[in-house]
Amino acid sequence: MNTYQKIKVFLASSDELRDDRESFGNFVRRLDDLYEKRNKRIKLFEWEDSDAAYNNRRKQDEYNDEVRASDMFLALFYIKAGKYTIEEFKVATEEYHRTGYKPKPYVYLRELKEGDQESDELISFKHHLSEELGYYWCNYNSRDSLQLHFVMQLLLVENSRLDELKLEDGKVMLDGTTIARLENLKFAADNPDYQRMKLRLIELPSLIEKARLHIEKYPDDEDLQEELQRLLNERNRLQEEFDQQQNLLFETSKHVAQIQGRVITERMQRAIEAFDKGDVHKANAILSVTENDATRNYTSFLHSKASTDQIRQNVIGSIEELLLKTSTIMSDASIAIDERIRITISAYKQSDELAEGIGYEKESYVKLLSDYSLFLNKYGYYKDAEKICLHQISLAKEVYGEEHEEIANAFNNIAEIYRVLNNYSKALEFLFKALAIDEKILGKKHDNIAAIYNNIGGVYWDQGNYPLALLYFHKSLDVVLSLFGKDNLHTAITYNNIGTVYEAQHEYTMSLAYLQDALEIRKDLLGETHPDTTATYNNIGAVYWKQGNASKALEYFNLALSIDEKELGVKHPATATDYNNIGLVYKSIEDYSIALEYYLKAMAIREKVFGEDNINTAYSYNNIGVTYREMGDYNKSEEYLNKALVIFNNDLGPTHYYSQFVQQQLADMKVQRNARMMGETQQTSSH
């Protein structure tokens, strides 16, 4: 018999929001089905604020008892503010302050339609919230936004991480269930950069199709081909920017969710309201003076003879404003990305210094350091990320002890940093520490465990220790299959990892079996033209090539090529890789003229995209040089091999494998050339 953790939710609203309340109730019941799989249940108590329902005072006392017994209290308002809903909010707030943890009170205000006007009671209640309590409520304009805000708060109440919410194809998902669509959330839908990118992405397919039709009529017109490539490049670049923008807006919304229901500064309230309305530029303008105010508040704290709680609270407010700015600034696509990163790092650095200086609440400080190190790691500041993460671990141990999920997450994060820095022993040390903690806390069948197994396998792969890489990828697969089943992208990734290791071990039959499984899942869930699907075609083609099965290798490489030519264009780096792969197959079956044809196509793209002095272009020079050598054209071979050697020596150093390989090719060719010349001389002498 299962024992479920129960999460009690009290939902109060006036009769004017009956539709919203009923829709929300149905959503919570669907969510309850999902939570049952997490060994938790959500019990919803709904009530409508109606004077007729509350004539019996004793009955209202019963409702107030339900409020006190709840884990979450939600009050929905639109135009009215019924006295009983306000009373229930007061009861919830008093109980929360008494217990320190429940019920967590939340206020949601439905956005007004044109011509609607708030009642005096609601205006007075909002004034009480903002001016007297410093409380931030949530505005919602759609059922999607109400559902998203609630799920975020639910995750926080049950001490889960907001990272469990994933953004997939414009949909916010929790364990495969759609919570909201980004296009229905005002912070995205009314964001001008989001709208601009979205509209252009809608326009581009028809422009691309017109360009293709023109090329069908005039296939030799270089200008038309250039225009098509320009449009394809714009679409793919813009899609990448759009995906990034969606993620950044979503991350900011998660930051805002963590603030909801807390006492915050008036400046933060105004900035959040601007963000919620889609005006992230205004939010940043509001927060633009934060750094100067923070410096002034901290100076006042350091030099005050009697350090009052208010002076310290001013510094805490500045820290929280700086942290909000780290999110909003990254969401402002009107600012160049390098400048956004610079401003964000500066805000994190200042907030860290202030937190250290005033003795910031330790649990909040751990969160600050975690976000700071993750940001530095994401944008390539690995040594700085290592330093901050080590500080985070030290502080987290003081707060949580040696065995806590926060410690395990920190260990996992620093292991990722050490992996990037090629310090594999350190990476494994921390991954196994994280594994031991999470297995003890979460059990062995949890997605965190699957992720750590996968990370351990990845480090062993980097080390070239294929048997251990395979062992841990299989461990990850067992957990993923038990949690998500076969038809899941997590499973596809693990299949792909296992297939790649088998390939490295020359176990090609096993490799193909796993790669084919990964391919079928990706085709089904992502579609034929998704980059991950194309990458799997190339992976399978590479296995067939190594097996010596040229026809099957060409089949898969050509599948990848047909997709990349259509989706990315005939002058894209990915298409160059496809040409190169096909050239490798033809070279392996000694069809050198066709191999050379594909190698030259790859080189032409790489020279144009990367330039003639780039290492990607050098790989093409090398392949062309080797092929000319096999064809007996030593002059051409020497020309291309020397071009490759110069780049390899400059970029990798003369002792690197590629530099040494080319040097050996040139030396061997010199011997072959001399031998040929000697043979020709002897033949001439014999006549």
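Predicted model: local features only at pLDDT ≥ 70, side-chain atom pairs only at ≥ 80, totals over all residues.

Colleague: How many helices and strands does the protein chain have?

Modeller: The protein chain has 28 helices and eight strands. Its C-alpha trace spans about 125 × 60 × 60 Å along the principal axes. Of the 687 residues in the chain, 49% are buried. Contacts may also be sorted by separation along the sequence. Among contacts with a separation of 6 or more, 65% are between residues 24 or more positions apart.

Colleague: Why does the length of helix H24 agree with its number of residues?

Modeller: The expected span of a helix is 1.5 Å times one less than its number of residues. Helix H24 (residues 573-588) has 16 residues and should therefore span 22 Å; its end C-alpha atoms are 23 Å apart, which agrees. The same check can be applied to helix H3 (residues 83-99): its 17 residues should span 24 Å, and its end C-alpha atoms are 24 Å apart, in agreement.

Colleague: Which helices do the buried residues of H24 pack against?

Modeller: They pack against helix H22 (531-547), helix H23 (550-567), helix H25 (592-610) and helix H26 (615-631). The buried residues of H24 include Tyr 579, Ile 582, Val 585 and Tyr 586.

Colleague: Which residues of H3 are buried?

Modeller: In H3 the buried residues are Tyr 84, Thr 85, Glu 88, Phe 89, Val 91, Ala 92, Thr 93 and Glu 95. Just after H3, Gly 100 takes a positive phi of about 85°. Further along, Lys 102 and Pro 103 are joined by a cis peptide bond, with omega about -10°. Pro 103 belongs to the loop between H3 and strand E4 (104-110).

Colleague: What does Ser 318 touch, apart from residues up to four places away in sequence?

Modeller: Contacts are read from the distances between heavy atoms. Ser 318 touches Thr 290, Asp 293, Ala 294, Asn 297 and Leu 354. With Asn 297 there is also a polar contact of 2.9 Å between the side chains. Ser 318 lies in helix H12 (residues 309-330), and its relative accessible area of 2% means that Ser 318 is buried.

Colleague: Is Phe 150 buried or exposed?

Modeller: Phe 150 is buried, because its relative accessibility is 0%. This residue is found in helix H5. Leaving aside neighbours within four places in sequence, Phe 150 is in contact with Val 9, Phe 24, Phe 27, Val 28, Leu 31, Met 72, Leu 74 and Tyr 108.

Colleague: How many cavities of 30 Å³ or more does the structure hold?

Modeller: There are two of them. The largest cavity holds about 50 Å³ of space and is lined by Lys 8, Val 9, Lys 43, Phe 45, Glu 66 and Ser 70. By class, that lining has two nonpolar, one polar and three charged residues. Strand E1 (5-14) and strand E2 (40-49) each supply at least two of its residues.

Colleague: Which residues line the second largest cavity?

Modeller: Its lining consists of Asp 20, Ser 23, Phe 24, Arg 143, Leu 146 and Gln 147. About 30 Å³ of space lies inside. Helix H1 (18-36) and helix H5 (143-157) each supply at least two residues of this lining, which divides into two nonpolar, two polar and two charged residues.

Notes:
Residues numbered from 1 in each chain as written. Heavy atoms only, no water. 1 Å grid on protein atoms, 1.4 Å probe; cavity = no way out; pocket = protein on both sides within 12 Å on 5 of 7 lines; lining within 4 Å. Points joined across faces, edges and corners; volume = space filled by probe spheres on them. Helix = DSSP H or I, 4+ residues; strand = E, 2+ residues; numbered from the N terminus. Nonpolar A, V, L, I, M, F, W, Y, C, P; charged D, E, K, R; others polar. Buried < 20%, exposed > 50% of the residue type's maximum accessible area, 1.4 Å probe, protein only. Contact = heavy atoms within 4.5 Å. Polar contact = N/O pair within 3.5 Å; in protein donor to acceptor, adjacent residues only side chain to side chain.
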